[in-house]
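Have the structure open while you read, and take the points in order.

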Amino acid sequence: MTTAPRRRARVRAPELVGRGWLNTGGREVALKELRGKVVLLDFWTFCCINCLHVLDDLRPLEAEFADVLVTIGVHSPKFVHEADPDALAAAVERYGVHHPVLDDPELTTWQNYAVKAWPTLVLVDPEGYVVHVAAGEGHEDALRQVVNELIAEHEGKGTLHRGSGPYVPPPAAATDLRFPAKALLTPDNTLLVSDSAHHSLVELDTDGETVLRRIGTGERGREDGKEPTFQEPAGLALLPERVAAAVGYHVVVADTVNHLLRGLNLDTGEVTTVAGTGEQWRDGATDGPADAIPLTSPWDVAWWEPANGVAIALAGNHTLGLFDPVAGRLERLAGTTVEGINDGPAEGAFFAQTSGLAADGDVLWLVDSETSALRRLDADRTVRTVVGKGLFAFGHRDGKADQALLQHPLGVTVLPDGSLAIADTYNGAIRRYDPATDEVSTIASDVAEPSDAVLVDGELVVVASAAHRLERPVAPGARLVDGEAHQVRRPPTVLAPGDLELVVVFTPPAGTKLDDRYGPSTRLEITSSPPELLAAGAGVGTDLVRSLRIAPGVTEGVLHVVAQAASCTDDPAVEHPVCRLTRQDWGVPIVVGSDGPGRLALVMGGLDEGR
C-alpha cells in the first residue's frame with residue numbers, strides 16, 4: 001500500500017493545449033487567466049460510461065462552489081469517431097456538459113499531465129499548482145474536502161478570487177426529439193421513443209414524425225405518476241400481455257442516469273418506479289428485492305422468455321441483470337464487473353459496457369460498445385463472441401464474422417429472417433449479421449450515430465440519434481465494406497525490461513481511513529495482453545504494490561490493472577461509519593526500452609510522491 005501526503009509536491013500545471021474550445025463563446029481559455037480560482041480538469045472521452053458518471057458526480061460540486069471552482073473538460077478521444085469535432089459538440093450537448101471543454105484530439109494535454117486512464121481528475125490550486133489527482137469515479141467527497149481546504153488556505157493568503165468563470169452556454173436548439181436513444185412498436189401500432197436529452201418518452205405515429213403524446217415533463221428527476229420525470233432514459237422493453245396484466249404496466253424503461261427501471265402504463269401514461277434505489281451500485285448485493293438493490297446505468301432492456309424476466313444491460317459495471325416484474329426481484333444474469341471480452345459460463349464472462357439487447361427465442365443477442373462486439377447469451381447461460389476482438393480493436397470491415405469489425409455499436413435488432421441489424425453507432429452505419437452464413441455486411445451508411453432500430457410493417461426504422469429523428473435508410477441489397485482496422489493508440493509508456501515495480505497510489509480522503517474491519521481493504525488484479533507479456537506478477541492480491549517481471553523477448557503490450565480500496569469515516573465515536581469503495585481500471589499500453597524506468601505508478605487518488 002502506497003500513500004501520499006496531500007499537496008506536498010509543488011508541480012506547476014502545464015498550459016492547456018488543443019484544437020479548440022467548446023462552451024466558451026468561441027474564445028480560448030488559458031490557465032494563467034484563471035489564477036485565483038480552483039481549477040478542476042476532467043480528462044474524459046464521451047464513449048466511456050465511467051466518464052459519464054463523473055459528469056454527474058461533478059454537477060453538485062459545480063453548483064456548490066460556483067464562484068470559486070472552474071471545471072474544464074479535457075476531451076481526449078479513444079475512438080476515431082470521437083475525434084470528430086462535430087461529434088464532440090453533439091456529445092457535449094447530449095450529456096448536459098455545463099462547463100468549458102478543451103478538444104484534445106492529439107492527446108497533447110493528456111500527455112502533458114501524464115494521464116493514463118479515463119476518467120482522470122486533476123485539481124489545480126489558485127496559484128497554478130497541481131495539488132490532487134484522482135482516476136476513476138466516486139471521488140465527489142474527496143474533491144469537496146480538497147476544494148474546501150484550498151478555499152480556506154487561499155482566502156487566508158489573499159490569493160482566492162470569487163466570481164464567475166469562462167463558461168458560456170451555447171444557444172438551445174428546438175426539435176421534437178433530442179438525441180433519441182431507443183424505440184419500440186406498441187400494441188397500438190405506434191412508436192414509443194426514449195427522448196434522452198429531453199428526459200422524456202415520446203409516442204409517435206408510425207410515420208416517425210407526428211407526435212401523439214409526450215410522457216414526462218422534460219425536467220431531470222425521478223418523480224412517478226402522470227407527470228413523471230426521467231434522467232436520460234434509454235432502453236424500452238414491451239412486456240408479454242400476461243405479465244403486463246399481472247403488474248399493471250406494459251413497458252419497462254431503462255432510466256439510465258437515475259439508475260432505475262420505470263414501468264409505463266400505455267393506457268394511462270402513468271409511470272412507476274419498479275427496480276433500483278436511485279443510488280449507483282458500487283459494491284454489495286446484486287440479488288434480492290427489486291426496490292432494495294441498486295443498479296448502475298441500465299442502458300437497454302429486453303424481455304427474455306427463457307429467463308422469464310427482463311434482461312438488463314448494466315453498462316455501468318459491465319454486467320447483465322435480470323428483473324422479474326411479477327416477483328419484484330433482481331439478480332445477476334451474467335458478468336463479473338471486469339471489463340473485457342471473456343466468453344464461457346455466464347457467471348465468469350467479461351462484458352464491456354453492454355448497450356443493446358435483442359431476444360430471439362433461446363438466444364439473447366447483445367452488443368458491447370467498448371469492445372465493439374456482437375455477442376450472444378444462450379439459454380444454457382453460455383456466452384459467445386461473434387464479432388469483436390477486444391477493448392483496443394475496432395473499424396469498419398465486412399466479411400466473415402471472425403474478421404469483421406464494428407465501432408462502438410449501441411443497438412441490435414432481430415430481423416424476420418433470423419439475421420440481425422446492428423446499429424454500428426460510431427461508423428454511422430447499419431450492419432447485418434447473418435447467422436446462417438456467419439457473415440457481416442453493411443446495409444446503410446451515413447446515418448448520424450444510429451442507436452437502435454425497430455421493424456414497422458417489415459421496414460426498418462432507425463433511431464438516428466445525432467440527427468434527432470427516426471429514419472428509414474435501408475435500401476434493398478447489401479454492400480460489402482473492406483474498411484480499415486483501427487487500434488486505440490494512446491502514447492505508450494516506456495518501461496525497462498525485466499523487473500518492474502507497479503504502484504497504485506491511493507490516499508484516503510481527509511477524515512477517513514482504509515477499512516480493514518472485515519478483511520483487506522484493498523485489492524489489485526493484473527493481467528496483460530498478450531498474456532505472455534508478464535513472466536511473473538499477474539493475478540489477484542490485496543496489496544497495491546506488486547512486483548512484476550516483463551518476459552524476455554516481448555517488446556510491447558498492454559497491462560490491464562484493476563484496483564479498488566475501501567475507506568470509511570475515521571471517528572471512533574461513530575458506531576456506523578460512512579464507507580465508500582473506490583475502484584479504477586487501467587489499460588496501459590507499454591513498450592519495452594532500455595532507457596525506461598523500472599517503476600510504474602498509477603494514481604487512483606492523491607499524488608505520486610515517488611516520481
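This is a predicted model: local features need pLDDT of at least 70, side-chain atom pairs count only at pLDDT 80 or more; totals for chains, interfaces and linings use all residues.

1. The N-terminal end is capped by aspartate 84, with a side-chain oxygen 2.8 Å from the backbone nitrogen of aspartate 86. Just after the helix, glycine 96 has a positive phi of about 60 degrees.

2. Next, glutamate 232, which sits in the loop between β11 (211–215) and β12 (233–238). Is glutamate 232 buried or exposed? Its relative accessibility is 9%, so it counts as buried, the cut-off being under 20%. Its side chain makes a polar contact of 3.0 Å with the side chain of arginine 220. Leaving out residues up to four places away in sequence, glutamate 232 touches Arg59, Arg94, Tyr95, Ser196, His199, Arg220, Thr256 and Val257.

3. Last, the helix pair α1 (residues 49–64) and α4 (residues 140–157). Their axes are 10 Å apart and the packing angle is about 20 degrees, which means α1 runs roughly parallel to α4. The crossing is right-handed. On the α1 side the contact uses Asp57, Leu58, Pro60, Leu61 and Glu64, and on the α4 side Glu140, Leu143 and Arg144. By type, four of these contact residues are nonpolar and four are charged, with no polar ones.

Conventions
Residues are numbered from 1 along each chain as its sequence is written. Side-chain values use heavy atoms; hydrogens and water are left out. Axes are lines fitted to C-alpha atoms, for helices over the stretch in contact, and angles run from 0 to 180 degrees between N-to-C directions. Helices (H or I, at least four residues) and strands (E, at least two) are DSSP runs, numbered from the N terminus. Angles under 35 degrees count as roughly parallel, over 145 as roughly antiparallel, 65 to 115 as roughly perpendicular and the rest as oblique. A crossing is left-handed if the near helix is turned anticlockwise from the far one by less than a right angle, and right-handed if clockwise. Contact means heavy atoms within 4.5 Å. Ala, Val, Leu, Ile, Met, Phe, Trp, Tyr, Cys and Pro count as nonpolar, Asp, Glu, Lys and Arg as charged, and the others, Gly among them, as polar. Buried means under 20% relative accessible area, exposed over 50%, partly exposed in between (1.4 Å probe, protein chains only). A polar contact is a pair of N or O atoms within 3.5 Å; within protein, one must be able to donate a hydrogen and the other to accept it, and residues adjacent in sequence count only if both atoms are side-chain atoms.
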